[in-house]
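Have a look at the structure first, then we'll go through a few spots.

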Amino acid sequence: MEKNFNHAQLESQIYARWEESGLFAPKANSQGAPFVIVIPPPNVTGNLHMGHALDNTLQDILIRYHRMKGDDTLWVPGTDHAGIATQAVVEKALALEGIKREDLGREKFVARVWQWKAEYGGNIARQLRRLGASCDWGRERFTLDEGLSKAVREVFVRLYEEDLIYQGDYIINWCPRCLTALADIEVERDDRKDSLYHIHYPLEGGASSLDSLIVATTRPETMFGDTAVAVNPKDERYKTLIGRLARIPLIDRLVPIIADEYVDLEFGTGALKVTPGHDHNDFQIGQRHNLPIIKAIDERGFLTEAAGVYKGLERDQARQKVVLDLESQGLLAKIEPIAHAVGVCYRCRTVIEPLVSRQWFVRATPLAKKAIEAVRDGRTRLRPAQWEKTYFEWLENIRDWCVSRQLWWGHRIPAWSCSSCGKVTVSREDPASCPHCQGQLRQDPDVLDTWFSSGLWPFSTLGWPEKTADLARFYPTTVLVTGFDIIFFWVARMMMMGLWLTDQAPFRDVVLHPLVRDAHGQKMSKSKGNVIDPIGIIDLYGTDAFRFTLAAQAGQNRDMKLNPARVAGYGKFINKIWNAARFVLTNLGGEDYGALGDKTDGASTPALSLPDRWIHSRLLAVTAQCRERLENFEFDHLADVIYHFVWDEFCDWYLELVKPILYGADQTAIKATRRNLLISLVKVISLAHPIIPFVTEEIWGKIPGAQGFLMNASYPEATEDLDPEAESQIGILMDIARVVRSIRADFGAPPGAKVAPLVKTGDPEVLSLLANYGPILTRLMGAESLKAVEPSAQKPRDAAGATRVWGEIWVPLGGHIDLALELARLDKEAAQLAKDIRQATGKLHNPDYVQKAPSEVVEETRERLDEMTKRAAVISQTLTALKEMAQ
C-alpha cells in the first residue's frame, strides 16, 4: 500500500468496477425488504452544485447501508426536462448564431433542444458518478421520455375527466422576461427598499383637484388599469364618499368609490386603488364587486393603449414619467420610503407582473386534503417534524394550481379546440378531427408546468400507469431525501398526486436537509463570487473527504456552512484510516480473512488481551450507535461517532496498546491479536463504508481472503454482550491521559514540556494497569515518566490535579510554566470573557434581537454563550489553582 490514499488515481477505477459488477441494481429474487429512493431529478441543463452534492451524498449513505443490510435496494436516477431553464439555455445558444426560436418554428426548435440534450444532458450523471452515487443506472429516467410522457398525458386526461383540471380566465403570475405563467410557489420574495407614493384622486363634483381622495401605492404606473377606489366600510373618514366617483389622475377617467372589508385601515391612507388586472387581491375585490378588468401592462412589461400617452413605456420608465407628471400637476401629495417584499421570478429574478389570462388550472383543494391526512395520521413522516407546520399551512391555504406554461419545450397540453364549433377536446390520443362536429382541431400551444411531471416521479419512473413488476415491488418508495426549500415545489405535489392517483402515500419518510452556504453563512451566488464547485473540491481533496464533510454538517435544524479547509481536515482523516489499515495489513503474519469463516466474533477468538477485549466491546457499542443513527437519518451524529471512534480509540489507543503484543514473544497472544486486528479493521471499514465508500473499498481489496466488494458485504451487527470490565480498565488509562493533557493545556505548559505525572492510588486494579501499560501511557502522553505514589503521599505544591474515585492524578508544573505570566494571561482572558458574556446575554434578553435576527444567528449566539460560560468556569478553577501554587 502507498503511504497515502491516491484518490485522483483510484476513485474512477473503483467506481468503474462497481458499475461493471451490476451490484447497483436490486438483486434478482431477493428475499430482503424493498428499500427504495427516487432521486430528486436535477435539471438536465445543470452541473452538480452543492445542493445536489449534499442531497445525493445523504441518499447514497442510506442506499449503501441498506444494501449491506440485505434489503432489496433500488435507487432510481434521472433528470428533469426543466422547461423554462432548458428553453432559455438553447435560445441563448441560438442567439449566438443570430437565430430566434420563432425563425425555426416550434418543431425545429424542439428538435434543436433534443440535440442539445443529447450533447450536454449527460453532464450531471457523470458528475454524480464522481460523487460515488450507487444508482441503478439501467433504470435512469427523463421526464420527457416515452413512458413518463404517457403517464403525464394519462394524469392530465384523468384529472380533466374528474373535473379537477379546467381552463379559465384568472389572474396569474407572469414573468415578462421568460414570457410564461408561473405558479404561486415559483414566485420568490425579495425584500426591497422602495417608495410609497401618495396620489390625489380628484373627486367628481369637487371644487378643485385637491378636493380629492389620497391613495397610497408603490406602483403608480398601474393606475391606468384602476377600475375603483376601495375603502373599509368601518373607516369613519370615508363613509360619506362611498358611492361617489373619483377621477384617475393624468387620464381623467371616472371610477367608483366602493366599500370592501379587505382594505387595511392602517396601511397608507386607508384608501386603496383597485387594479383587478394587475394585483391578486384587487382581482378578488373586482370579482366581489363585478368590476371591469383593464389590461394596462402587456406580457413584455410595457404599458398598453389604456395608458394613453404612456403607451409603449417599460414599467420602470413609466413609473418615473408618471411620478414626474403627477408632481408637475400638483397631484403627488408626498413620497415616503417603504421596505416590502416584491415578487420575482424564481428563475431570472425579474419582477413578476400579475396578469389576467386564460390558463389551465388544477383544482388543488381535494388533492391537498389527502396529502394533509397522510401526514397527520403518520403514513408519511416529515423529518424533522418541525416542517409539518409549514407543510400543513401551505396545503390548508392552497389556491388552484396554474399548470400551463407559454413555452415550446415540455409536455404539450393534450387539449384541442375546434375552429368550427369552438368546443375543447382533451384526449389520451391525438384526435384526427373534432368528435363533436368533425371540424378542424388546433392543439393548445402551451406546455405543462415542469412540476406537473415531476410530481408523478415516484410512480411514473416505476412504469405507472401500466401495472409493471417494478411498480408492484418498489412502490410506495421508502424515503425521500431533499432540501426543505422545495417542500412546496415538489414534496407536497408528489404527495397530492401519489395519493390521488395510486391511493398510497409515495414515501414513508421525507428527510428534509439544510441548505449549503459558504464558510461565512452566506448564500452562494455567482454575483457574490462565493460559489464553491463540488467537482473542484473533489479534485483537490477526494470524494471521501468531501462526502464526510457534508455528512458531518448535515444537522437537520440549520443551514450548513461549507469551508474548504474543513474538507482538507477530513482528508487527513481519510489518510488516518488508510495508514491504520497499512499498519494492520503489514502485521497480519499470514492471517487470512476468508479462512476465518464464521470466527469473526469475539467469542470465537481465544485468549484475547485486555486491549483486544476493549476494542471488541467498543466496536459492538459503536455498531449499535451507527445503526441507530442511520435508521433515524442522523447523518451528522453518524459521522461524529465514526470520526471519534476511528481517530480517538481505534488509531490513537488500540493500535498503540497492541504494539507490545505484536512485537513480543508470546506466539499465542500474537496470533490472537492479529486475528482481532483483522476482524476489527473489517468492521471499521464496513461501518464507515456508506459515508466514505472509495477508501474503504480499496482497503477491502487489500485484505487477504476478502471476497467480492465491500459494498455488497454485510453491515456489522451488535449481537453480543459488551465487556464493561475491559471498557472500565482501558477507560482508566484514557482518563489519566485526558487529565494530563487537559492540565497542560489549561495551565499553559508548552506542548513539548516533559511533565512527570503522579498517580496517587491504593487500588490494585489501577496499580496493575500502571504496571502493565505505564510505559505505553507515558509515551502516548508525551511525558517524561508516570509514577504511582502511596495513598498517604501529599500533593506537591507546584502540581495541578484531579480527583477520581480510585485516587488522584497530579501533574507537577514547576519549571514548565511561569506563574506570574500565566496569572496575567488568564486574568486578561477572564475579563474579556466576562465582557463578551454580558454582551451575548444582553442580546438574548432583547426580544427584538431574538425575534428579528435570523434564527441561525440567534442559535449561534446561544452556542457561543454556552462555550464562553464553560471556558470561564475552567479559567476560574485554573486561576484558583495557580494562586494556591503561588502562595
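## Ground rules

"Buried" here means under 20% relative accessible area, "exposed" means over 50%, and "partly exposed" is in between (1.4 Å probe, protein chains only). This is a predicted model, where local features need pLDDT of at least 70 and side-chain atom pairs count only at pLDDT 80 or more, while totals for chains, interfaces and linings use all residues. Residues are numbered from 1 along each chain as its sequence is written, and side-chain values use heavy atoms, with hydrogens and water left out.

## Aromatic pairs

Rings of Phe, Tyr and Trp (its six-membered ring) pair if their centres lie within 6.5 Å; planes under 30 degrees apart are stacked, over 60 edge-to-face, the rest tilted. That rule gives 32 aromatic pairs. In one of them, Tyr 65 and Tyr 715 have ring centres 5.0 Å apart and planes at 85°, so the pair is edge-to-face. Tyr 65 sits in helix α2 and Tyr 715 in the loop between α24 and α25, so the pair ties together parts 650 residues apart in sequence. (Helices, H or I with at least four residues, and strands, E with at least two, are DSSP runs numbered from the N terminus.) Both Tyr 65 and Tyr 715 are buried.

Tyr 170 and Phe 283 are also edge-to-face, at 5.1 Å centre to centre and 65° between the planes. Tyr 170 belongs to strand β5 and Phe 283 to helix α8, so this pair links parts 113 residues apart in sequence. Tyr 170 is partly exposed at 27% relative accessible area, whereas Phe 283 is buried at 3%.

## The sheet around β5

β5 is part of an open four-stranded sheet, ordered β6-β5-β14-β16 with antiparallel pairing (two strands pair if DSSP finds at least two bridges between them). β6 and β16 stand at the edges with a single partner strand each, so one side of each has no neighbour in the sheet. Ten bridges join β5 to β14, and Ile 172 has Leu 355 of β14 as its bridge partner.

## Helix α10

α10 covers residues 364–376. Its buried residues include Leu 367, Ala 371 and Val 375. After α10 comes Gly 378, with a positive phi near 85°.

How values were computed: Expected span 1.5 Å × (residues − 1).
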